[in-house]
Amino acid sequence: MNDRAGRRRARRMAIGTAVVLALAGMNGPWLYRFGSEKYHQYKIDKPEYKAENGRWEIVDFPEKYRQNTIHAALLHTGKVLLVAGSGNNQDNFDAKQYDTRIWDPVKGTVKKVPTPTDLFCTGHTQLANGNLLIAGGTKRYEKLKGDVTKAGGLMVVHNENPDEPITLPAGTRFTGKENGKTFVSKDPVLVPRAKKNFDKETGEFLGNTPGYGRTYVEAQKEGAKHQTGTQDNYTVQGLSGEDARNTYGIAEKLALDKKDFQGIDDAFEFDPVAEKYIKVDPMKEARWYPTLTTLSDGRILSVSGLDDIGQLVPGKNEIYDPETKKWTYTDKVRQFPTYPALFLMQNDKIFYSGANAGYGPDDVGRDPGIWDVETNKFTKVPGMSDADMLETANTVLLPPAQDEKYMVIGGGGVGESPKASEKTRIVDLKADSPRFEDGPSMDKGTRYPQASILPDDNVLISGGSEDYRGRGDSDILEARIYDTAKNELRRVADPLVGRNYHAGSILLPDGRLMFFGSDPLYGDKANTKPGEFEQRIEIYTPPYLYGENPQPELAGGPQTIEHGESGTFTSKDAASVKKVRLIRPSASTHVTDIDQRSVALDFETDGDKLTVTVPKSRNVVQAGWYMMFAVTADGTPSKAQWVQVP
């Protein structure tokens with residue numbers, strides 16, 4: 001290089017340095033952030049980082065297939081059912097635009113599926129035949145107090161005729177005897193006949209107990225002057241003779257107060273092979289935010305929810321029989337808040353963790369405990385820390401399921417409370433006197449945490465927000481793996497997308513996890529900008545898929561194994577397998593995933609043969625399809641083989 005060329009190069013370097021220094025002076029934070037982001041990306045892409053912390057990536061969904069996913073379930077075809085219904089969007093509801101997608105995570109394909117009604121905030125669970133039972137949804141969106149223009153509320157219609165029921169059509173008018181104001185019903189109502197009462201010993205007639213039905217009514221005209229202040233009896237217009245004398249309405253205050261969501265009684269089975277909804281017998285009660293829990297005999301218990309007039313179902317629970325496709329009431333009444341976390345125990349009873357997703361009195365049905373559905377006896381389980389912050393908590397049956405240990409994660413205060421708990425609490429239901437004990441704490445109070453069981457017996461806990469629906473830009477971009485053996489939380493790679501209300505996670509057959517949804521109330525720290533529903537799907541690949549050893553092979557074998565019976569599979573890695581897990585596919589919504597459980601299987605190896613035995617108990621292994629994973633000593637799982645346990 002000659003001197004002139006050297007001077008030109010030095011001058012260019014000097015100018016370049018001056019420009020960089022000038023830019024740094026004006027835009028130092030930008031340059032720092034740019035450099036930090038590049039370094040962060042470099043760091044998280046390193047093989048050793050992924051092997052320790054895993055990796056997150058966003059799925060590239062074509063825009064025309066995006067939707068506000070509220071519910072998701074893994075189907076035994078390996079595809080994922082993504083249900084939005086109206087997607088918490090009243091414009092969609094008013095236009096009757098209800099959405100469902102089926103996503104194939106292997107092929108990357110997405111398919112639109114016709115959705116029969118608004119399945120927004122429905123309940124769902126896996127059935128023994130591989131169908132997904134879906135029950136409930138939305139009849140009407142809520143109206144906030146300032147948006148209510150017509151006074152309205154609940155009208156209880158009484159029928160004193162012991163011989164005939166009476167049906168009143170939508171549009172029936174009720175006029176108050178004292179206040180003289182008229183209200184109009186929004187829906188038809190069937191009022192059963194009155195019950196005749198007799199003395200059991202003498203046979204003496206004691207009188208009739210009126211039959212009653214309920215309907216939602218509104219004032220004929222807008223304005224505060226049409227409100228009522230107290231209870232009144234109402235004459236039913238358009239009736240005559242005996243019907244007029246026997247039928248009347250009673251209503252409390254009918255006002256311009258906030259009106260809650262109203263539920264529907266529709267029920268469907270989704271067929272994963274035909275990829276369509278099949279209508280079945282409707283529930284006895286309309287339900288919005290119900291929980292569906294599988295019982296040991298394969299029937300489904302439906303609990304809680306808001307009814308067709310927006311009130312909490314008053315403890316009237318019911319059971320679906322997949323054989324008859326019919327619903328029947330349970331004999332006794334027990335009330336829970338909406339989306340209660342209810343799990344089948346090994347003794348046929350139901351464990352209620354206390355976690356729930358919202359609506360209901362703060363002093364009814366909030367205590368965790370063990371419920372005998374047959375006798376209706378409820379035994380409280382003590383020791384829960386932050387017991388007033390179980391709304392929006394997550395509950396997971398820790399693996400393996402045979403240990404019957406549950407973890408309750410995070411949660412917040414009732415309603416729109418800013419309270420949030422950083423606690424995890426663990427209870428051993430096999431203990432002589434079960435009692436909650438605190439597990440390791442999270443760094444922050446966390447509402448809406450997602451939790452997914454992993455094939456290596458650990459649990460991934462991710463996301464959530466510190467405040468109600470992510471208020472104040474409070475989403476938590478953190479993830480941790482809970483080590484069940486060590487009772488420790490370990491921080492892993494941070495998710496890319498915030499997840500709060502209407503979010504969830506699902507374990508996929510290849511050992512990865514998918515995350516969906518999030519419905520923030522606001523989109524900024526000052527709470528001035530409306531939030532936007534998070535439509536992106538995110539995949540987390542756990543550290544065990546970045547280890548030195550590849551996933552063990554697992555192939556062949558039967559697709560069906562009876563309870564207590566065995567099946568033999570082929571694996572050239574059989575000698576390295578240290579445990580086999582049968583994991584029930586998830587059906588997740590509103591931090592509630594009753595279905596997920598991981599069952600330990602006894603197994604034997606012989607050369608390249610792996611023979612597994614399914615437990616005899618139907619309370620441990622509920623009938624249905626499962627993912628079977630073989631796991632090596634270093635925690636690396638195989639890809640799942642689908643097995644049906646009839």
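Among contacts in the protein between residues at least 6 apart in sequence, what share join residues at least 24 apart? In this model, which is predicted, the share is 60%. I will start with the whole chain and then go to a few places in it.

The protein has four helices and 47 strands. Of the 646 residues, 54% are buried. The protein exposes about 28700 Å², and carbon and sulfur atoms supply 47% of that area.

Six strands make up an open sheet, and their order is β41-β45-β44-β42-β46-β47, with antiparallel pairing. At the edges are β41, residues 566-570, and β47, residues 641-645, each of which pairs on one side only. From one strand to the next, the twist averages 35°.

Inside that order, take β42 and β46. Strand β42 covers residues 577-583 and strand β46 covers residues 624-632; six bridges link them in the antiparallel sense. To find one of these on the screen, go to Val 577, whose bridge partner in β46 is Thr 632.

Next, the loop between β43, residues 587-588, and β44, residues 598-606, where Gln 596 is found. Asp 595 lies in the loop between β43 and β44 as well.

Is Gln 596 buried or exposed? Gln 596 counts as buried, because its relative accessibility is 4% and the cut-off for buried is under 20%. A polar atom of the Gln 596 side chain lies 3.2 Å from the backbone nitrogen of Ile 453. Leaving out residues up to four places away in sequence, Gln 596 touches Val 396, Ala 451, Ser 452, Ile 453, Arg 584 and Ser 586.

Asp 595 is also buried, with a relative accessible area of 2%. Which backbone nitrogen does the side chain of Asp 595 reach? That of Gln 126, at 2.9 Å. With residues up to four places away in sequence again left out, the residues that Asp 595 touches are Thr 125, Gln 126, Arg 584, Pro 585 and Ala 587. The C-alpha atom of Asp 595 is separated by 9.9 Å from that of Leu 342, and those two residues are 253 residues apart along the chain.

Last, some backbone details. A cis peptide bond joins Pro 399 and Pro 400, with omega about -10°. Pro 400 sits in the loop between β30, residues 394-397, and β31, residues 405-409.

Tyr 448 is not a glycine, yet its phi is positive, about 60°. Where is Tyr 448? Its place is in the loop between β33, residues 437-438, and β34, residues 450-453. Tyr 448 counts as buried, since its relative accessibility is 3%.

Asn 487, another residue other than glycine, has a positive phi near 55°. Asn 487 is in the loop between β36, residues 479-483, and β37, residues 488-492. At 35% relative accessibility, Asn 487 counts as partly exposed, whereas Tyr 448 counts as buried.

Methods: Residues are numbered from 1 along each chain as its sequence is written. This is a predicted model: local features need pLDDT of at least 70, side-chain atom pairs count only at pLDDT 80 or more; totals for chains, interfaces and linings use all residues. Side-chain values use heavy atoms; hydrogens and water are left out. Two strands pair if DSSP finds at least two bridges between them. Helices (H or I, at least four residues) and strands (E, at least two) are DSSP runs, numbered from the N terminus. Axes are lines fitted to C-alpha atoms, for helices over the stretch in contact, and angles run from 0 to 180 degrees between N-to-C directions. Buried means under 20% relative accessible area, exposed over 50%, partly exposed in between (1.4 Å probe, protein chains only). Contact means heavy atoms within 4.5 Å. Accessible areas come from the Shrake-Rupley method with a 1.4 Å probe; for residues, only the protein chains shown count as cover. A polar contact is a pair of N or O atoms within 3.5 Å; within protein, one must be able to donate a hydrogen and the other to accept it, and residues adjacent in sequence count only if both atoms are side-chain atoms.
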